Amino acid sequence: MGLLAGYQFVKDLESAGALALFVPPEGGFEGRYQRRLRSKGYTTLHMSAPGLGDLAAYLTQEHGIRPAHTGKENIRVYFQPPLVTYHLENLPPNAKGLVLWLIDGKRLSKQEFAYLAQLTQTLPKFKVVVEVGGDRSVRWEPLADWVTAA
């Protein structure tokens, strides 16, 4: 896809809410699409999908994090604010919304994909892009359609 394809990407993301993205294995192409999102007023949050744990708790609820216990200190729990809710509340006034960009999304389950697609419907300023596989060129499709087809 050409350099102008990034604008179609933004339009498709705005209409679908969540996209499944297929990128070449050598990488580097997705930066163009992230720049297009930022130029259209979106704030992007780039994360790795493996290790997120319970998506509902991590993204929309206050959740506890327990650091590794080495035997020399007391067991303690730190509480983190919900990732998506916190960032949505603290968006700049002129921002269109927040885009959560997840790399290595192929490790997520079907229920997690469905949850991400549903979450974008309940939070209108929240969008999701999940890198789910490789291809010879960059292509995308709505995440909800990809989940039902898979």
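Reader: Is Gln34 buried or exposed, and what is its relative accessible area?

Author: This is a predicted model, in which local features need pLDDT of at least 70 and side-chain atom pairs count only at pLDDT 80 or more, while totals for chains, interfaces and linings use all residues. Residues are numbered from 1 along each chain as its sequence is written, and side-chain values use heavy atoms, leaving out hydrogens and water. Gln34 belongs to helix 2 (residues 30-39), where helices (H or I, at least four residues) and strands (E, at least two) are DSSP runs numbered from the N terminus. Because buried means under 20% relative accessible area, exposed over 50% and partly exposed in between (1.4 Å probe, protein chains only), Gln34 counts as buried, its value being 11%.

Reader: Which side chain is joined to that of Gln34 by a polar contact?

Author: Not counting residues up to four places away in sequence, Gln34 touches Thr44, His46 and Trp101, where contact means heavy atoms within 4.5 Å. A polar contact is a pair of N or O atoms within 3.5 Å; within protein, one must be able to donate a hydrogen and the other to accept it, and residues adjacent in sequence count only if both atoms are side-chain atoms. The side chain joined to Gln34 in this way, at 3.5 Å, is that of His46.

Reader: What arc do the buried residues of helix 2 cover around the axis?

Author: The buried residues of helix 2 are Glu30, Tyr33, Gln34, Arg36 and Leu37. The arc is that of the directions from the helix axis to the C-beta atoms. These residues lie on the same side of helix 2, because they cover an arc of only 155°.

Reader: How many of the 7 residues of strand 5 are buried?

Author: Strand 5 runs parallel to strand 2, to which 7 bridges join it, and it also pairs with strand 6 in the parallel sense over 5 bridges. Strand 5 is largely enclosed by the rest of the structure, because the number of its 7 residues that are buried is 6.

Reader: How many residues has the largest nonpolar core?

Author: A nonpolar core is a set of buried Ala, Val, Leu, Ile, Met, Phe, Trp, Tyr and Cys residues joined through side-chain atoms within 4.5 Å. In the largest one, the residues with the most contacts inside it include Leu102, Phe113, Val130 and Leu143. Leaving aside neighbours within four places in sequence, Leu143 is in contact with residues including Leu19, Phe113 and Val130. The number of residues in this largest core is 28.

Reader: How far apart in space are Gly134 and Ser15, C-alpha to C-alpha?

Author: Gly134 is in strand 6, where it counts as exposed because its relative accessibility is 54%. Leaving out residues up to four places away in sequence, Gly134 touches Phe22 and Val23. Gly134 and Ser15 are 119 residues apart in sequence, and their C-alpha to C-alpha separation in space is 23 Å.

Note on methods: Pairing = 2+ DSSP bridges.
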